[in-house]
Amino acid sequence: MTGPLGKDLLGLDELSADQIRLILDTAVPFKEVSERQIKKVPTLRGMTIVNLFFEASTRTRVSFEFAEKRLSADTVNVASSGSSVAKGETLVDTARNLEAMRIDMVVIRHPASGAARFLAERIDSNVINAGDGMHEHPTQALLDILTLRDRFGDLAGRRVCIVGDVLHSRVARSNIHGLRKLGAEVAVCGPRSLLPNAVEELGVQVFDRIEAAIEWAEALNILRLQLERMQAGYIPSLREYNRVFGVTSERLDKAPHDLLILHPGPMNRGVEIDSDVADGPHSVILHQVTNGVAVRMAVLYLLAGGRPDLADAAKGGGR
Amino acid sequence: MARDLLLRRGRIVDPSQSMDEVGDLLLRDGKVESCGGTLGTPDDAEVVDCTGQVVAPGMIDVHVHMREPGREDVETIKSGAHAAAAGGFTAVCAMPNTRPTTDNQATVGFVKRQGEAAGFARVYPYGAISVGSKGETLAEMGEMVSAGAVAFSDDGYPVQSAQLMRSALEYARTFGVPVAEHCEDMSLAHNGSMNEGAISARLGLKGIPVEAEEIYVIRDILLAKRTGGHIHLCHMSTKGSVELIRWGKERGINVTAEVCSHHISLTEARVGNYDTNAKMNPPLRAAEDVEALQQGLADGTIDLLVTDHAPHHYDEKEREFADAPNGIVGLETALGVNCTWLLHRDVMSLSAMIDSMACKPARVFGLPGGTLRAGSLGDVTVFDPKAKWTVDATKFKSKGRNTPYGGVELTGQARLTVVGGRVVCRAD
């Protein structure tokens, strides 16, 4: 069954602006489900979804699982440790075996770029990319964009800067594609050793100094700095990173206007973001997490063939 | 005694004697008996009408991975030599990254004997530069030369120590054989899996910058200058490398270089959405690199065309891009690719292309053949530069199916491969 998004959600690079808007619009009515006393609707009753996680994840996996369960799907979690994956079975064999058990969808998180597409091309089930290597993490970017849209309305002409380790970040790539398609202006800021060499060709401008980025931007999406980047020689120390690129209230106070603060988590407080910023009045970090469940419900619903215009009705209880 | 073989009325193109004329070629007792003009038919000779075909000195591919000993499930010397013959090659040089490594006289002798037993294209063994290709101590080059090694390389494992490379160039010079380097600064390549640029940034794949190759190119050229040894630079892939080689040659340094058919025909865009059949090392580069490599070939900066034929098992390529092995098969597509991208697009003349595929390989590596002069080795490639065909990997003689050209229409195809006066492969 092919709905308005196609069979799979692999990345925002390949979606049109209309498809992105459709997911965001569909997510809005689903937000309400999580606010109910009984957080469950029958929309995906009878569907089987496998959450196939080859990489440690708490937030994304739990968010998907809530989205699936609140839509009444049956879910199975497969993590790379303790399964046949650890015994050297290939990705394609793992997937085919799962599919032989008659499943409907796979949510995959994998350390290799392109792994979600690899899987999608080889199985009939719908595939949702929950993060593939350094490539894309589309649902994270969709929830970031939904959060921005909740505050800004139309994103056309809005200025968003992604701060930190863009080189290794799938969140950054998906955000760049998604935001640009919706007409936002996108910049990145970070040490050059953590930006792709050809980063400008992704259609973003580059700020070398966080002060300049803060002066320009209306929202900052602050990436997690993986602590192993220091050992690998990309940056001298976490201390220096905080002193040069850390988002601090001192720096934000100098901005000509208030900035919205986003962070995909998990945060390293005192490294890329200071606690008073993370917990401050302009932080929408927990709002992002709440939106994550709604966005994933919308994606599941649309890939399952749900009609966008009936999303509100589909969640209605008792049917 | 084998029958005489008379190739009649082909267009004989032999750059070694500046020959390009329609005529006959007679092979007797494994050698060229007579070349050019109209020849009478000896009693009992097999006569092949070559009208409309090109008759050239046997093509030699100096960069091939045969996988035997060690990975006979992927390719054997027999299947590889058969693939070579099917692609029009009369000889190949087999790289030493076998299991065990071809770093000793016994393994060199084994490769040579397996090649002779196969009876298709000739197989000349490479020996490893260092024991186990580990880059630590020199392998026993002298004994390997005696056993039949024609050159040395740690292909796949660049020699990271400049001191060891210096010694290798000096030591190999004693025996008059080239040292062939896989140029890659592995600390800079950093486990990358494609060319570094806009596409790698978008796909989220670790990129290999062109400098990873070029730093080694200039290092090795300078070491050749210091030692007087012969450095042969394998599978050149960047514009900068071409410029550095030009610099070296202008100064009379003993440097030669090769380029693969895929690097003069495909760009990094061929990776598409993580197609592992477009993954090799060095990787496919940008359009400006492809253009510079073509020009380098045309002006002689780059000496040889090779395949870097690297068969892999289907299962090994059928996986995540970053984890898939490097390399593609090339023996059965190289002639067609070279004709399509070089000859028919007027990058090189027919004679210059044959020079880079047949004559220069023999000269650079000191191999017999590479000419159709009377009395020389009876190795001949007959091909139709205008024949159109579509690549179907399932028809390959190689066990490898990993080609980026599947379904591509090529113009130019081998018709007859003659080794030592004997037809070893004939197009259907």
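Predicted model: local features only at pLDDT ≥ 70, side-chain atom pairs only at ≥ 80, totals over all residues.

Student: Why is H235(B) called buried?

Tutor: The cut-off is 20 or more other C-beta atoms within 10 Å. H235(B) has 24 C-beta neighbours inside 10 Å, so it counts as buried.

Student: What else can be said about the backbone of H235(B)?

Tutor: Its phi is near 25 degrees, a positive value in a residue other than glycine. As for its place in the chain, H235(B) sits in the loop between strand 13 and helix 8 of chain B.

Student: How do you know whether Y274(B) is buried or exposed?

Tutor: By counting again: Y274(B) has 25 C-beta neighbours inside 10 Å, and therefore counts as buried. Y274(B) is not a glycine, yet its phi is positive, about 65 degrees. The loop that holds Y274(B) runs between strand 14 and helix 9 of chain B.

Student: What makes the bond between N281(B) and P282(B) cis?

Tutor: Look at omega: for the peptide bond from N281(B) to P282(B) it is near 0 degrees, and the bond is cis. P282(B) also belongs to the loop between strand 14 and helix 9 of chain B. A cis peptide bond also joins E68(B) and P69(B), with omega about 5 degrees. P69(B) is found in the loop between strand 6 and helix 1 of chain B.

Student: How do you know that the length of helix 8 of chain B agrees with what a helix should span?

Tutor: Helix 8 of chain B covers residues 239-250, which is 12 residues. The expected span is 1.5 Å times one less than the number of residues.

Student: Which residues of helix 8 of chain B are buried, and what covers them?

Tutor: The buried ones are K239(B), S241(B), V242(B), L244(B), I245(B) and G248(B). Their cover includes helix 7 (211-227), strand 13 (231-233), strand 14 (255-260) and helix 9 (287-298) of chain B. Just after helix 8 of chain B comes G252(B), with a positive phi of about 75 degrees.

Student: Why is strand 6 of chain B described as largely enclosed?

Tutor: Strand 6 of chain B spans residues 59-64, and six of its six residues are buried, so the rest of the structure largely encloses it.

Student: What makes strand 6 and strand 7 of chain B a pair?

Tutor: Pairing asks for at least two bridges between the strands. Strand 6 of chain B and strand 7 (residues 89-94) of chain B share four bridges and run parallel, so they meet that requirement. Within strand 7 of chain B, A94(B) stands opposite V64(B).

Student: What makes strand 5 of chain A mostly covered?

Tutor: Four of the five residues of strand 5 (residues 159-163) of chain A are buried. Strand 5 of chain A is joined by five bridges to strand 6 (residues 185-189) of chain A, in parallel, and by four bridges to strand 8 (residues 219-222) of chain A, also in the parallel sense. C161(A) has a bridge partner in each: A187(A) in strand 6 of chain A and L220(A) in strand 8 of chain A.

Student: How many residues does each chain bring to the contact?

Tutor: Chain B brings 16 residues and chain A brings 21 residues. On the side of chain B there are seven nonpolar, three polar and six charged residues.

Technical notes:
Residues numbered from 1 in each chain as written. Chains lettered and ligands numbered in written order. Buried ≥ 20, exposed ≤ 12 C-beta atoms within 10 Å, placed from the backbone. Helix = DSSP H or I, 4+ residues; strand = E, 2+ residues; numbered from the N terminus. Contact = placed C-beta atoms within 7 Å. Nonpolar A, V, L, I, M, F, W, Y, C, P; charged D, E, K, R; others polar.
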